[in-house]
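I'm opening my notebook on a new chain today. I'll jot down what I looked up, one entry at a time.

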Amino acid sequence: LASIVMTLMYTVTVLAMTCSCVQEGSCIFGCIGHCGRSKVECLGRCIGCFNGFLSMIIFAVGMTHGKTHNVPLDLGMKAWGYAQVYSLLLGFASSFAMFLFYYAGLPCCCCCGFCCKGQAGSSGWKPSASYPHGPGYPNDQRLLGWRPL
């Protein structure tokens, strides 16, 4: 349970801190503009700080609970280590699933008509929030870490 809570907290923190929903080219940016974007980014920083503070509180409560019930410290550290490993694995799995979803999309489901096109290939969906200067950019190979042949 702790691993799932940590993974959800991390995901919310990353989404709040990156504010991808208000980047140039998104629908929300078109409505709120630069001024609204800065306010949303400030809110994202507040959410990130709150989650950090909440993590410290959870840690302190756990340590206090362990001390009052005479739980050996090494057992608590072992449980913490397991939670970290499970959180890491859940984070990798959720990141990989999101990458596949955005890259390949979902095929159309005949029963409900739900269809989500991926961004792969020249015919893929290219949202303006992901490609504010068009799908051809960035095209500087040095910036991308490629060396000219």
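This is a predicted model: local features need pLDDT of at least 70, side-chain atom pairs count only at pLDDT 80 or more; totals for chains, interfaces and linings use all residues.

**Notes on a partly exposed valine**

I started with V85, which counts as partly exposed because its relative accessibility is 43%. For my own reference, partly exposed sits between buried, under 20%, and exposed, over 50%.

Next I looked up where V85 sits: it belongs to helix α3, which covers residues 73-104.

The structure holds one. That pair is Y82 with Y86, and I noted it as stacked, with 6.4 Å centre to centre and 20 degrees between the planes.

How far apart along helix α3 are Y82 and Y86? They are four residues apart, so about one helical turn separates them.

Y82 has 47% relative accessibility, so it counts as partly exposed. Y86 comes to 46%, so partly exposed goes down for Y86 as well.

Last, I zoomed out to the whole chain. I counted three helices and two strands, in the order α-α-α-β-β along the sequence. Of its 149 residues, 16% count as buried. The accessible surface comes to about 11600 Å², and carbon and sulfur atoms hold 72% of that.

Technical notes. Residues are numbered from 1 along each chain as its sequence is written. Side-chain values use heavy atoms; hydrogens and water are left out. Buried means under 20% relative accessible area, exposed over 50%, partly exposed in between (1.4 Å probe, protein chains only). Rings of Phe, Tyr and Trp (its six-membered ring) pair if their centres lie within 6.5 Å; planes under 30 degrees apart count as stacked, over 60 as edge-to-face and the rest as tilted. Accessible areas come from the Shrake-Rupley method with a 1.4 Å probe; for residues, only the protein chains shown count as cover.
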